[in-house]
Amino acid sequence: MITPLLQIKNLSTGYFPKKRESKVLHQALNMDLAAGELVCILGPNGAGKSTLLRTLLGFQKSLKGETYYSGRSLKELSVQEMAKIVSVVLTDRIDDSFLTVYEVVATGRYPYGSFTGSLKDSDKEIVQNAIQQLGIENFSSQLFSTLSDGEKQKTMIARAIAQETPLIFLDEPAAFIDSPSKVSLMEILINLAHEHKKGILLTTHDMEPALRFADKLWLLGINGEFEEGEPQKLIEDGSINRFFDNEEVVFNKDKVRFEKSNI
Amino acid sequence: MESKKNTGFWFLVFAVLLAVLFLTNLWYGSVLISWQEVWAALTNSSETAKTAQVIVQEYRLPQAVTALAVGMALGVAGLLLQTLFRNPLAGPSVLGISSGASLGVALVVLLGGAFNLQWPESLKIMGELSVVLMAFAGSLLVLGVILFVSGRIANIVTVLIIGIMIGYAVSAVVGVLQYFSRSTELHAYVIWGLGSFSNTNTDQSTFLLIATLLGILFSLLFMRQLNALLLGDNYARSLGVNTKQIQFILILVAGFLIALATAFTGPIAFVGLAVPHLARSFYRTSNHRILLPAVILMGGVLTLLCNLIAKLPGYDISLPINAVTSIIGAPIVVWVIVKRGRIKMK
């Protein structure tokens, strides 16, 4: 029995506004993520998807509970060790004017290199492979800031691949991308999970790609509700309806899409 | 895209320029000294006329070395601060450290006069060790406060703002001291504030150079973290950078370099802010593996150039350094930015 890449035990997420009680977003969460799985954290805006991700990464403190990476507790892992376990793709903007695409992807090798950040030949090969995998060779020497949002996103994913971590976490990766690119993005992520046996965790409020592509869903509700399972099961047992139907829009199980409510 | 050849070319250009400017600073001055005499003075040949040797060795050499050291120190400090704060307007003045130095000097120069305190004679003299020590102490005090704040507050922008506010507060205190001062002390203080590379003797300039080099060498250990910071705190952290620790270290190193420079020369305007931008525009890169050596060279070039220009009026008149760095520096930076590259940092 292989230890899952990620284990979440009795986790409570939230934050501590000063002078007030802690605000709990979700409690008693228990999930696993295994190698080769693509999991989508799905939920409406404000449900706490990004908070969960940040808590898992250790960017934010959990209110309770433990997170384990291949059996090792997050609390005991140093920042440097985490860098070899999880790589990230975030919504943070990078605004530096002179970084090239190649240089951005190359930062993925930093956890493995010397203090000067210079790349060995083996590093260069890994960077080149990541660039090719995402199909961005044509602008690898272009300035990152001149790229379109979709191209930037591909660059950041290539960067995460270059970091050679067993897990990749993505926060709203499809947020600024047009529909065809969304599909292409999901295909890349599925490939990383199924072919390359990485564990992929992404947050999204975009239902349809998640339902289509994910191996598992973690549903987060606005009021702390949580449900996990395979997309098909969650559709059939009405969980999707429970979490996402509202006065204006309902989820149609047969057609697997959201429609205007008839109420 | 500019290639590695371009990088090599500029390094060569600025290295040569640095050497040329250094030697020219030794040669040019209010007293005419020939190149042979300069060379003889440098090699300590006893054939030189005594006066020329003394001028070069005791006056111009320390002056040039001081200018070189301060240029390098402020260039590096400016780069570290601009990357740390992700702000193109960050510079040595931003941490309030030069204000701290001003406070230290004001206490020595102004306070003694204002309240007719009987400082021991040895402490009262402008340009002597006391001023240096008090300036350094003042800087370290402010630096200590900033480091304390940085350790408690995660948001770097907040630290930046606090640094600026401390600068204002300290300047206000100095303003009060100035208000109660006599004109002779006031004048001495103002002169200090205009910056000068000439207030150091041979020992002091040597010390300054060595201490600067040590600080700079230490900063070279963090090239990779500096590059990672360009992506933002979250990405940097995901790459294994301990952001709180690096924040502390960078403020410490930059603060040390600024305190050192300011103690011996007074606050030098503009160099720390401009040199990193110049380096980025010439080398067209953000990679600190190239930028750190680049600002070391270009910082020295800028200050040596300004020192030379300050001496141009000839005879006994030399312009205050801060006037030169600002008047010459500002148009140069604008020209370079407009012609060669954008500054677009978050």
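1. The hairpin in chain A. β4(A) and β5(A) form a hairpin with two residues between them. A:Ser70 sits in the turn and has a positive phi of about 45°. This is a predicted model, in which local features need pLDDT of at least 70, side-chain atom pairs count only at pLDDT 80 or more, and totals for chains, interfaces and linings use all residues. Residues are numbered from 1 along each chain as its sequence is written, and chains are lettered from A and ligands numbered from 1 in the order in which they are written.

2. Partners of β4(A). Strands here are DSSP runs of E with at least two residues, helices are runs of H or I with at least four, and both are numbered from the N terminus. Two strands pair if DSSP finds at least two bridges between them. Two bridges join β4(A) to β5 (residues 72–73) in the antiparallel sense. Strand β1 (residues 6–15) of chain A is also antiparallel to β4 (residues 64–69), through five bridges. A:Tyr68 has A:Ser73 as its partner in β5(A), and A:Gln7 stands opposite A:Tyr68.

3. The open sheet. Six strands of chain A make a mixed, open sheet in the order β6-β7-β8-β3-β9-β10. Its edges are β6 (86–89) and β10 (226–229), each pairing on one side only. The twist averages 15° from one strand to the next. At the β6 end, β6(A) runs parallel to β7 (residues 167–171) over four bridges.

4. Contact means C-beta atoms, placed from the backbone, within 7 Å. Angles run from 0 to 180 degrees between N-to-C directions, with axes fitted to C-alpha atoms, for helices over the stretch in contact. Helix α1 (residues 49–57) of chain A touches β3, β6, β7, β8 and β9, at about 150° to β7(A). Helix α6 (residues 179–194) of chain A lies across β3, β7 and β8, at about 150° to β8(A).

5. A helix pair in chain B. The axes of α6 (residues 129–152) and α12 (residues 243–265) of chain B come within 9 Å and cross at roughly 165°. That makes α6(B) roughly antiparallel to α12(B) (angles over 145 degrees). Their contact has 14 nonpolar, six polar and no charged residues. Nonpolar means Ala, Val, Leu, Ile, Met, Phe, Trp, Tyr, Cys and Pro; charged means Asp, Glu, Lys and Arg; the others, Gly among them, are polar.

6. Between the chains. In chain A, 27 residues are in contact with 28 residues of chain B. The chain A side divides into 11 nonpolar, 11 polar and five charged residues.

Definitions and conventions. Contact = placed C-beta atoms within 7 Å. Parallel < 35°, antiparallel > 145°, perpendicular 65-115°, else oblique.
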